[in-house]
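Colleague: I am new to this structure. Please show me the chain, then take my questions one by one.

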Amino acid sequence: MEALLPLIILLPFLGASVIGILGFISPNFRKQEKLIGGIATAMVAIPFLILVSTFLGFTGEPINFSLFSWMKTKNLDISFSYNLDQLSLLMGMIVTGVGSLIHLYSIGYMHHDRGFYKFFLYLNLFIFAMLNLVLGDNFVVLFLGWEGVGACSYFLIGFWYEDMNKAAAAQKAFVANRIGDFALLVAMFITFQVAGSLNFTALNTATLSHDVAFWIALCTFIAATGKSAQIPLYVWLPDAMAGPTPVSALIHAATMVTSGIYLIARISPVFLQAPEVMVLVAVVGGLTAILAAMIAIAQNDIKKVLAYSTVSQLGFMFMALGAGAFTTAIFHVMTHAFFKACLFLGSGSVIHAMEHAHAAKDPQDIRTMGHLGHYMPSTSKTFWISTIAIAGIPGLSGFFSKDEILGKVFAAGHESTMYYFVWLIGALTALLTAFYMTRVTYLTFNGKARYEQKDAHPHESSPLMTIPLWILAGLAIVGGYLGLPEIIGHGHYNWITHHWLSGEEAKLIINRTLHASLGVEIFLITASILIAFFGMFLAYRLYSKYDISGEEKVKSFFGKLYKVMENKFYVDEIYNYLIIRPFVYISDKGAFAFDQKVVDGLVNGTAFVTTIAGNIFRRLQTGIVQNYALMMFIGLLLMLVFLMT
């Protein structure tokens, strides 16, 4: 089996290459949609099967394999080496498993798109970059994957580049991520200086002073805020849903946005040596979670609601990381990948139906939907299952992972009271999550049809699109049972966090010891259940009674704050006023003048001097032999005079 491991990395790259080359040179190949979709899906599904097979036979000892040596000097040895341990195996299976379903769904969703082959080329390339990121055994391979997913997200978000809004969203994502990337480079330089290597194992086992650990952790966290969309660099993610819906599912659920959480978990021993950064991570995560949840309540675009929901759920993961519950954060990465991918693909199915039925001017506005569950039973049922999961209703995956996050954050309160504050924010965010998810689901699939039914006949999507929805919905139900609460058997039945990621055989993620008393744990679980049920009941009661008019009640409750939430707290406008406009002004007045006067002046001056010199010396090149003889004679006379004097 180990001989097949390189295929995990190589197959997605091979798929992208074959589709790209044949698509470029052969117009007939571009029309073979099933062939292109089949190749692309197989190039991700086969690595998933190899990873599952490796997982089933895994002994606990990390498996290392290398493709080739890249750079080798006296002090630096970097190779394309990959490491399969408990964390990378799990992340690899999430990326390729969910990625395969999204590829399959895309065959139906992108049917008849003129850029069909390019879309699957980018998708395969995206998976290739993401696998480098999670499987690389050193910072350099991770960084190449880190930049690779950034480039692919630019291609995919701006896939329909003729629409300037979509092109602008791609640019926004690209620029915001580059800011975080600079911080990651600084963290890498410090790591090499103190550990003498860029290997993760070398860093995690190195003896670091507090200051060094602080700066590595802080720079890594800044990098993570870019990729995983936290304050202040979260602004790109809501706009990232400008790309095709399968791209939204891929970016928001299974791949790029989990990079920051993965990286922090990967170097968890360094973060544990910097408690100040840990508190900062938890606070930023909490503030991001509630800010995004409040914005989600006031949005009417179905994909925007889901996009802000992703930002909010990522905030939950950072709360867990900040509390030192790294394995719990990865557990939520897994459950979130299942139900959020299902929700995004479900929204794509809805948009697809509304576009084909010509039912509304804006096929993404939930105010023009309603009663779609009657026409789209599979999409409706799977969307509701995922909504119940993310709301935190007991029995489904979101309850187990979210409840564990809140429990661990509360337990960390004995170290710093700031964690109690973060827990309170998390509890409020959980309430808002249950409310806005029920709102968007009910107004989409239930209630009255708010479009002209006379000519519109929305219909269910093809099996190519509904089968992945059912698989993801099934995973959204059962995925949580891999991490049963500690109250059941003192954590013995919590396979993922207590055994797989931080058990005796793993020892790669060091969690803080966070335990609450039995009474506190029962109180926290009860509170989580009541919050989830109350949030869902409130939204269901409101919209089933008043339908879309229920919005007025919500506006009335929040008062003037609703307008602020509706306008996303004016964060984009603030950035534009404080950063972008001054930068453009300085560029216009300062850099432009510098370019014209200094840079152009140097270039033009050099050309002027060269021209003058050319005019002078060209007179010496007459082509007349007598002139050359005269010059030689004068030169000899000058040399004689020089020697005699």
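**Cavities, pockets and packing**

Colleague: Which residues line the largest cavity?

Modeller: Start with the terms. On a 1 Å grid over the protein atoms alone, a cavity is a set of points where a 1.4 Å probe fits but cannot get out. Lining residues have an atom within 4 Å of a point. For the largest cavity, the lining is A391, G392, F399, K402, D403, L406, A430, S528, I531 and A532.

Colleague: What kind of model is this?

Modeller: Residues are numbered from 1 along each chain as its sequence is written, and side-chain values use heavy atoms, without hydrogens or water. Local features need pLDDT of at least 70, side-chain atom pairs count only at pLDDT 80 or more, and totals for chains, interfaces and linings use all residues, for this is a predicted model.

Colleague: What is the volume of the largest cavity?

Modeller: There are two cavities of 30 Å³ or more. Grid points are joined across faces, edges and corners, and a volume is the space filled by probe spheres set on the points. For the largest cavity that gives about 70 Å³.

Colleague: Which elements give two or more residues to the lining of the largest cavity?

Modeller: Elements are DSSP runs, numbered from the N terminus: helices (H or I, at least four residues) and strands (E, at least two). Two or more lining residues come from each of α18 (397-411) and α22 (518-546).

Colleague: Which element gives the most to that lining, and how do the residues divide by class?

Modeller: α18 gives the most, with four residues. For the classes, Ala, Val, Leu, Ile, Met, Phe, Trp, Tyr, Cys and Pro count as nonpolar, Asp, Glu, Lys and Arg as charged, and the others, Gly among them, as polar. The lining of the largest cavity divides into six nonpolar, two polar and two charged.

Colleague: Which element gives the largest share of the lining of the second largest cavity?

Modeller: This cavity holds about 40 Å³ of space. Its lining is D403, L406, G407, W423, A427, L524, A527, S528 and I531. Two or more of these residues come from each of α18, α19 (418-445) and α22. The largest share, four residues, comes from α22.

Colleague: Which residues lie closest to the centre of the largest pocket?

Modeller: A pocket is an open set of points with protein on both sides within 12 Å along at least five of seven lines. The largest pocket has a volume of about 860 Å³. It is lined by 35 residues, and the closest to its centre are Y109, W160, T245, I351 and E355.

Colleague: Which element gives the largest share of the lining of the second largest pocket?

Modeller: This pocket has about 500 Å³ of space. Among its 14 lining residues, V175, I179, Y575, I579 and I580 are closest to the centre. Two or more lining residues come from each of α7 and α25 (571-618). The largest share, six residues, comes from α25.

Colleague: Are α9 and α12 roughly parallel or roughly antiparallel?

Modeller: Axes are lines fitted to C-alpha atoms, for helices over the stretch in contact, and angles run from 0 to 180 degrees between N-to-C directions. α9 (residues 210-227) and α12 (residues 259-266) pack at about 155°, with axes 7 Å apart. Angles over 145 degrees count as roughly antiparallel. The two helices are therefore roughly antiparallel.

Colleague: Which residues of α12 does α9 meet?

Modeller: Contact means heavy atoms within 4.5 Å. On the α9 side stand T220, F221, A224 and K227. They meet, in α12, S259, G260, L263 and I264.

Colleague: Is Q230 buried or exposed?

Modeller: Q230 is in the loop between α9 and α10 (236-239). Beyond its neighbours within four places in sequence, Q230 contacts T225, V284, G285, T288, V311, L314, G315 and F318. Buried means under 20% relative accessible area with a 1.4 Å probe, protein chains only. Q230 has 0% relative accessibility, so Q230 counts as buried.

Colleague: What share of the chain's residues is buried?

Modeller: The chain has 26 helices and two strands. Its C-alpha atoms fill a box of roughly 110 × 65 × 55 Å along the principal axes. Of its 645 residues, the buried share is 55%.

Note on methods
Angles under 35 degrees count as roughly parallel, over 145 as roughly antiparallel, 65 to 115 as roughly perpendicular and the rest as oblique. Buried means under 20% relative accessible area, exposed over 50%, partly exposed in between (1.4 Å probe, protein chains only).
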